[in-house]
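Welcome, and thanks for taking a look at this one. Please have the viewer open as you read, and follow the residue numbers as they come up.

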Amino acid sequence: MRDLLKFGTNQPAETRLKTVLVINYSQTGQLAEITEQVISPLRAAGHQVHLETLVPETPFPWPWPMVDFIDAFPECVQLDPPPLKPLSIPADRQFDLVILTYQVWYLAPALPMTAFLKSPAGRQLLKDKPVVTLVACRNMWLSAQETMRRLIAEAGGQLRDHLAFTDQGHALATFITTPRWVLTGRRDRFLGLPPAGVAPEEIRQASRFGRALADALDRDHEKSGEPMLAGLRAATVNPRLALSERAGHRAFRVWSKLIRAFGKRGQWRRRPILLVFVIYLITLIVTVVPLSLLVQWLFAPLLKPRLDRLRAELEQPSGSQEFNLQKYDQ
Ligand SMILES: Cc1cc2nc3c(=O)[nH]c(=O)nc-3n(C[C@H](O)[C@H](O)[C@H](O)COP(=O)(O)O)c2cc1C
């Protein structure tokens with residue numbers, strides 16, 4: 001028990017220290033850096049944070065050789081991950097809150113996170129727990145989050161908040177800068193385009209979520225069933241991208257099944273069909289994506305009510321509103 005001056009409320013109160021499990025995996029350290037920003041204020045407030053970094057039995061490469069990068073596609077989409085090394089904590093350890101941080105691979109959660117959510121230990125750790133998800137990716141996280149929501153519910157967890165961090169460049173620019181980063185490891189300014197990845201200022205400001213969470217834990221808000229991080233611009237959705245992403249995800253499901261019919265990950269047998277997929281993907285990116293953005297732009301006034309509804313729905317549970325920003329920004 002401790003007596004402290006509560007952040008934001010100015011009221012002294014008796015509070016119990018909370019235990020928080022944070023699941024993390026990051027190749028470049030970007031997601032780890034954002035995670036650190038969120039958990040530092042929790043630790044500073046005295047809460048006990050266990051950071052568990054997922055370790056695949058066979059590490060994924062960084063930067064990714066082109067063939068390995070494409071070859072990972074079907075298993076990402078079909079949620080068929082290779083195994084992880086055992087966790088450093090027992091599966092029956094109890095936490096007050098779980099924070100799942102992940103990146104998107106092929107419109108699905110990255111394979112280490114999928115492996116965690118499908119493992120008996122991961123499912124046991126989530127059972128009956130309030131869960132916060134945090135994603136950092138290029139810009140298309142809606143399908144992956146839908147999958148996260150389903151896997152968390154299947155494990156018996158309760159998704160309470162979602163935080164989304166996306167790359168700083170324009171959607172079309174990141175079609176170049178993100179693959180360049182993943183395939184060469186270089187994320188600097190290129191051809192006049194902004195550097196790949198989430199903007200450093202966005203990363204720094206992620207600490208507002210940690211301060212708000214610390215405040216929520218002090219008030220036992222994690223038990224309320226309500227979002228704890230509303231009003232902090234937690235997740236902003238571009239509904240135009242959402243429509244393209246839905247179409248892309250449907251196509252990905254068909255292609256991933258087809259490619260797996262030719263062979264397993266790493267087998268030569270499926271390389272020809274992988275090549276056909278790459279040609280399809282590039283054609284899609286240079287034709288259908290700009291075309292669909294153009295059509296949506298042209299019909300924007302007609303589509304607006306529908307897109308506004310879609311945006312509000314997809315930004316749940318934490319939303320893009322800003323009414324609490326001043327209170328927790330620093
Ligand atoms: C195999 C692979 C597939 C990816 N697919 C997507 C994607 O579909 N959508 C997206 O927004 N970002 C995608 N990314 C980018 C990642 O989400 C992430 O931003 C990047 O890998 C850096 O994350 P990290 O360094 O924290 O691991 C992909 C990255 C990899 C390695």
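In which loop is Pro-63 found? Pro-63 sits in the loop between strand S4 (48-53) and helix H2 (66-71). Please keep in mind that this is a predicted model.

**Backbone geometry**

- For reference, most residues other than glycine have a negative phi, and most peptide bonds are trans.
- The peptide bond from Trp-62 to Pro-63 is cis, and its omega is near -10 degrees.
- A cis peptide bond also runs from Gln-316 to Pro-317, with omega near 5 degrees. Pro-317 lies in the loop between H12 and helix H13 (325-328).
- Leu-107 is not a glycine, yet its phi is positive, at about 60 degrees. You will find Leu-107 in the loop between S6 and strand S7 (108-109).
- Is Leu-107 buried or exposed? Leu-107 is buried, because 23 other C-beta atoms lie within 10 Å, and the cut-off for burial is 20 or more.
- Asp-128 also has a positive phi, near 65 degrees, and is a residue other than glycine.
- Asp-128 is exposed, because 9 other C-beta atoms lie within 10 Å, and a residue counts as exposed at 12 or fewer.

**Around the ligand**

- The shell around the ligand has 20 residues, and those that come nearest are Gln-27, Thr-28, Leu-31, Cys-137 and Arg-138.
- Which elements give two or more residues to this shell? They are helix H1 (30-44), strand S6 (104-105), strand S8 (130-137) and helix H7 (171-184).
- Sorted by class, the shell holds 12 nonpolar, seven polar and one charged residues.

**The nonpolar core**

- The largest nonpolar core has 72 residues. Val-104, Val-135 and Leu-213 are the ones with the most contacts inside this core.
- Setting aside residues up to four places away in sequence, Val-104 touches Pro-109, Ala-110, Val-135, Cys-137, Met-140, Trp-141 and Ala-144. Cys-137 has already come up as one of the residues nearest the ligand.

**Ile-99 in strand S5**

- Ile-99 belongs to strand S5 (residues 97-102). Ile-99 is buried, because 26 other C-beta atoms lie within 10 Å and burial needs 20 or more.
- Leaving out neighbours within four places in sequence, the contacts of Ile-99 are Val-20, Val-22, Val-132 and Leu-134.
- Ile-99 and Thr-35 are 64 residues apart along the chain, and their C-alpha atoms are separated by 9.2 Å.

- Why is helix H4 (residues 111-118) described as largely enclosed by the rest of the structure? Seven of the eight residues of H4 are buried, so the rest of the structure largely encloses this helix.
- The buried residues of H4 are Leu-111, Pro-112, Met-113, Thr-114, Ala-115, Phe-116 and Leu-117.
- Helix H10 (residues 239-262) packs against helix H12 (residues 300-314) at an angle of about 80 degrees, and the axes are 9 Å apart. That angle makes H10 roughly perpendicular to H12.
- At this contact, Pro-239, Arg-240 and Ala-242 in H10 meet Leu-307, Leu-310, Arg-311 and Leu-314 in H12. By class, the contact has five nonpolar, no polar and two charged residues.

Technical notes
Residues are numbered from 1 along each chain as its sequence is written. This is a predicted model: local features need pLDDT of at least 70, side-chain atom pairs count only at pLDDT 80 or more; totals for chains, interfaces and linings use all residues. A residue is near a molecule or strand if its C-beta atom, placed from the backbone, lies within 6 Å of it. Helices (H or I, at least four residues) and strands (E, at least two) are DSSP runs, numbered from the N terminus. Ala, Val, Leu, Ile, Met, Phe, Trp, Tyr, Cys and Pro count as nonpolar, Asp, Glu, Lys and Arg as charged, and the others, Gly among them, as polar. Axes are lines fitted to C-alpha atoms, for helices over the stretch in contact, and angles run from 0 to 180 degrees between N-to-C directions. Angles under 35 degrees count as roughly parallel, over 145 as roughly antiparallel, 65 to 115 as roughly perpendicular and the rest as oblique. Two residues are in contact if their C-beta atoms, placed from the backbone, lie within 7 Å. A nonpolar core is a set of buried Ala, Val, Leu, Ile, Met, Phe, Trp, Tyr and Cys residues joined through C-beta atoms within 7 Å.
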